[in-house]
Structure formats: C-alpha cells, structure tokens
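Visitor: I have not looked at this one before. Can you walk me through a few parts of it?

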Amino acid sequence: MSHGATPHTHTRTVLLRRGEVHSPADPFATAMVVERGHIAWVGSEGAADAFAQGVDEVVDLDGALVTPAFTDAHVHATSTGLALTGLDLTRAASLADALALVRDHARNRPADRVLLGHGWDAARWPERRAPHRAELDEAAAGRPLYLSRIDVHSAVVTTALLDLVPGIRQIPGFDETEPLTRDAHHAVRAAALGAVTPAQRTEAQRAALRQAASLGIGSVHECGGPEISSPEDFTSLLELAREEPGPRVFGYWADRDLALAKELGAVGAAGDLFVDGALGSHTACLHAPYTDAAHTGTAYLDAAEVADHVAACTETGLQAGFHAIGDAAVTAVVDGVRAAAERVGLDRIRAARHRVEHAEMMTPATIAAFAELGLTASVQPAFDAQWGGPDGMYADRLGAERARTLNPFAAMLKAGVPLAFGSDAPVTPLDPWGTVRAAAFHRTPDHRISVRAAFTAHTRGGWRAVGRDDAGVLVPGAPADYAIWQTGELVVQAPDDRVARWSTDPRSGTPGLPDLTPGRELPVCLATVVGGREVFARPRA
C-alpha cells in the first residue's frame, strides 16, 4: 500500500543474546537472529548456541532489553531540527525570560536572514500574555523574527518580517496587537521558512533524524504540506532518508491536489490537511463556544469538502487524512467520510485506512464512527501530559467538564479504533517512552490504557497506519527495526490503580515492559537498528 524513504537493508547476519527480547513469538525470549535486514529467529539462550557459529557477529546484550523500534506517527522534521539547532522557547519560564533568549539568539546568529524560534506558551507564564511587537522589535534589534506558539497555529513576529509580506495587514488572521493566526500566520511562516537556506534545512533535518534515532525511533511519518512547509522541504527530507542511514521516513502531503502528492512521493494526501486549528490558539472548531472566548474557533474544511477528498483519494489508491481537534471538526470529518462511503462503498473506505491527526475532542458517536469507517486515530498522548488536568490549558479554554473528555484513549481502544502514537514534534518533543507513559498515566484516569497497549500503538500502530501489518513487532519475517535499551526490572502495568504494577508472572505468558511509573527513570537507548543496519549507537562511557 505504501513505501517510505528507506535506508538500504543490511545483509550481515547477527545473533543477539543474553538479553530480554520483547516478542509475542516467545514471551521469554533472550536471543534473536537478524538476517538480510529481517528477523530470522527469536528464542531462548540454549537454542541460541546452534546459531553462534554461522553468523557474522554475536552481540552480547548483557541483560539489555530489545524491543521493536518506535514509530513516531506525526512529525515536522525541519521545524523539529530548527528547534534543536535554533531558538527553543519551550524552556522560557516567563515573558521576560523569552525576550532575553531572543536577544541572545539575535546576537549569536548575525548572518541569518530571518531569525526563527519556536515554543512560546503564554498560558504558562506569570504575565499570561504573548510578547508585543514593539518588545520583539527591540529584542531582535530591528531584524526579521518569526516565533511560533507551541501549537504552531499562531505566531508573533517583528515589524521587519511583516515588511517582507506585501499586503499582510489585509490578510484574514492579522492583528496589530495579538498573535497572527489563520491565513496571516501561514503567510508570515512561508516568508520566514523561505529564508532558510538549503544548507540550514539539511542541517535541521539531519539533526531531527539523528535525535529520533538516538531515542529508539526507527520510522517517522513526516507531515508536510503547502501551508506547513514546501515541496522542496518535503522531497529533500525523503532524499536525505534514502541516502543516509537513519530512521525510515513516510511522507504525508496535506493537499487536495492528489497529482502533486503522488509526484512528491507522498504515501497519502493526508497529515495536517486542516479541518480546524488548535485549542491553544483558539482556532480549534467547537460545537459550543470557548469558555474564555466568545466564539467557536475556525473551520477550514466542511463535510462536503472532506467527502470529495476522501472519495478522490480512495479512487486513486491514496490514503486521505485530516487534522481535526475540535468536536465540530471531528464531526465534519466523520460526516464527510460517511458520505464518501456512500459514494464509493464502505469496504473500500475501510481498506484504505484513512487517518485523522489529533482527534482530541471525541464523543461516543464519533468514536463509534471511527471504528465503523476504519479511521486510524493518529494521536499525541503528550498533549494531555502538557495541557490536560484541572489546571491545564484545556480547562482554561473549555472549562473543566469539557476538558475531562479530551483524548479518550481507553474508549477508543475498546471500540476498536486503531491508534498510532506520535509527538507532533516540535509541538511536543520526540520522546517515545514519555509518550507511552503519558497514555498509561493519563491525567483523566478513565482514559488510561495499559503500558502494553500504549507501546503497541507507538510501534505496530504506526506501521499499520501506513498499511503494513507485518512490521513493528519482533517476529520471524518482520523488518529488523529494533532498539536496545538499558532499563530496570520488566513488569506488566495495567491502568487500574488497584493493580497499577506487578511483576511478570511466568505463567501469564505476557512479555514485560519497563516500569513507567511517573518519577521513575525512563529507559536509555543504547542502539537503534533499521533494516538490519545500526543507525545509532550510544558512545560507551
């Protein structure tokens, strides 16, 4: 169904032994053989002796854990890399702190045509407001500056950047005193990213993929599109992934121009095809008004437009997909996909595995519809960790009662909705074990799922979301995409507080996973392998 930009498969035969191999083929496996880029065998230490003579290399795991490599099902590689190599405002504790970071960054990057920064979140600052343009003009010494909010659905900019966008003050979403949203935001973002040189872009993409590999991530789903990046950005990332060892990259291009999506090498005309915006920027589209604003957000596509896109993609053999966060946006997607099913047939819709990114404000009716229509929910548990809970941004925007309904992973799983986990990096960091923890210890206890279910959504779930049922699991025949971890005792963790943790009972036949109880250290990645080729190895101390 799809192809990714994939590193060349390695032909060496390797035996890994004396560890813990997380495999449904053998819950007590301690060894694994990799041959021609695929898993050839998993089993016990005693049986491993028979393979030791016929392999090119033996890896002594020394008790380390081997798992399938993670798939991050929603990333923006260039923006993630620019945040890693540039101005990261997620660490700013206040408005004053953010302005000081801007001053330092401007001093340190004298040659940049446009200064780029990401990650400010006024909801977390004592001042509770975004920087004013005059403050940014002073901090950046009059230079063009673009600072995206943490959700990347609004931005603050300097006067010098506005001067680079003709007619900006007439574009919807422009405001003289508030952050720019909607079309005005897209226009300034295009101007800012257009100033990034090809060399800067490659440096950023390489940094993002290296960071992913260092965290045990073996594949990423890049979410590009005309309102987010550029065709050059998208194709250069796919080319980089083909040419250099690293994670596989599956590219989604968020465009209703299907011919262009195919020409660019996308696996789907999907990803961040916006039906609405984001809650933090008050642009997610709601049925009822925001608690802290007298409107219901922004609708970019309606059900009829969704139906046309889904039907066209299904006929063409492409995955369709949308960004939908607010309950009204999710309803528009469901109504549109259902209308498309009436046109082209439900079986064809289900077989295409169309996707919805974020899917945060779900109801029992839309959950049931996702299951019926075979829609994959590509979700980001770290959003709940960051903005959930009674004192979080979601409660500010929606009130505590509505906020408690967000990201209902348990209900979605129970209904049979396929889940694929991701980060939306740079919105939240690449952090796979932290993502699994966020789902297992959701701020709303009713929405928690087991560590095992969360782990599956972040490994096999991502592969299923690109139409592959034979990957993301360590069984013979599967691609040899795996990670090696230094971790503590393996346990089985359920979401129920009364049985929050117990050691694996050998009779249960359930392979254990690391203890992710909040406060405990997360596993450390020692090595990541993609297609049998090592793409990351932690330097030995």
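This is a predicted model: local features need pLDDT of at least 70, side-chain atom pairs count only at pLDDT 80 or more; totals for chains, interfaces and linings use all residues.

Visitor: Start with helix H3. How many residues does it have, and how far does it reach?

Guide: Helix H3 covers residues 95-108, which is 14 residues. From its first C-alpha to its last it reaches 20 Å, close to the 20 Å expected at 1.5 Å a residue.

Visitor: Which residues in H3 are buried?

Guide: Leu95, Ala98, Leu99, Leu101, Val102, His105 and Ala106 are buried. Seen down the axis of H3, the buried residues fall within an arc of 160 degrees, so they line one face of the helix.

Visitor: And what is exposed on the other side of H3?

Guide: Arg107 and Asn108 are exposed there.

Visitor: What covers the buried residues of H3?

Guide: The cover includes strand E8 (87-88), strand E9 (115-120), helix H4 (133-139) and strand E10 (145-149).

Visitor: New topic. How many salt bridges does a search of the whole structure find?

Guide: The search finds 25 salt bridges. One of them pairs Arg338 with Glu372, with the closest N and O atoms 2.9 Å apart.

Visitor: Where do Arg338 and Glu372 sit in the chain?

Guide: Arg338 is in helix H11 (residues 327-344) and Glu372 is in helix H13 (residues 364-373). The two are 34 residues apart, and the pair links distant parts of the chain.

Visitor: Why does Arg338 count as partly exposed?

Guide: Because its relative accessibility is 31%, and partly exposed lies between under 20% for buried and over 50% for exposed. Glu372 is partly exposed too, with a relative accessible area of 36%.

Visitor: What about Arg353, which side chain does it meet in a salt bridge?

Guide: Arg353 meets Asp469, at 2.9 Å from N to O. Arg353 is in the loop between helix H12 (346-352) and strand E17 (355-358). Asp469 is in the loop between helix H20 (460-464) and strand E20 (482-486). This pair also links distant parts of the chain, 116 residues apart.

Visitor: How accessible are Arg353 and Asp469?

Guide: Arg353 is at 23% relative accessibility and Asp469 is at 41%. Arg353 counts as partly exposed, and so does Asp469.

Visitor: Which side chain meets Asp470 in a salt bridge?

Guide: That is Arg468, at 2.8 Å from N to O. Asp470 is partly exposed at 38% relative accessibility, and Arg468 is partly exposed with a relative accessible area of 27%.

How values were computed:
Residues are numbered from 1 along each chain as its sequence is written. Side-chain values use heavy atoms; hydrogens and water are left out. Helices (H or I, at least four residues) and strands (E, at least two) are DSSP runs, numbered from the N terminus. The expected span of a helix is 1.5 Å times one less than its number of residues. Buried means under 20% relative accessible area, exposed over 50%, partly exposed in between (1.4 Å probe, protein chains only). The arc is that of the directions from the helix axis to the C-beta atoms. Contact means heavy atoms within 4.5 Å. A salt bridge is a side-chain nitrogen of Lys or Arg within 4 Å of a carboxyl oxygen of Asp or Glu.
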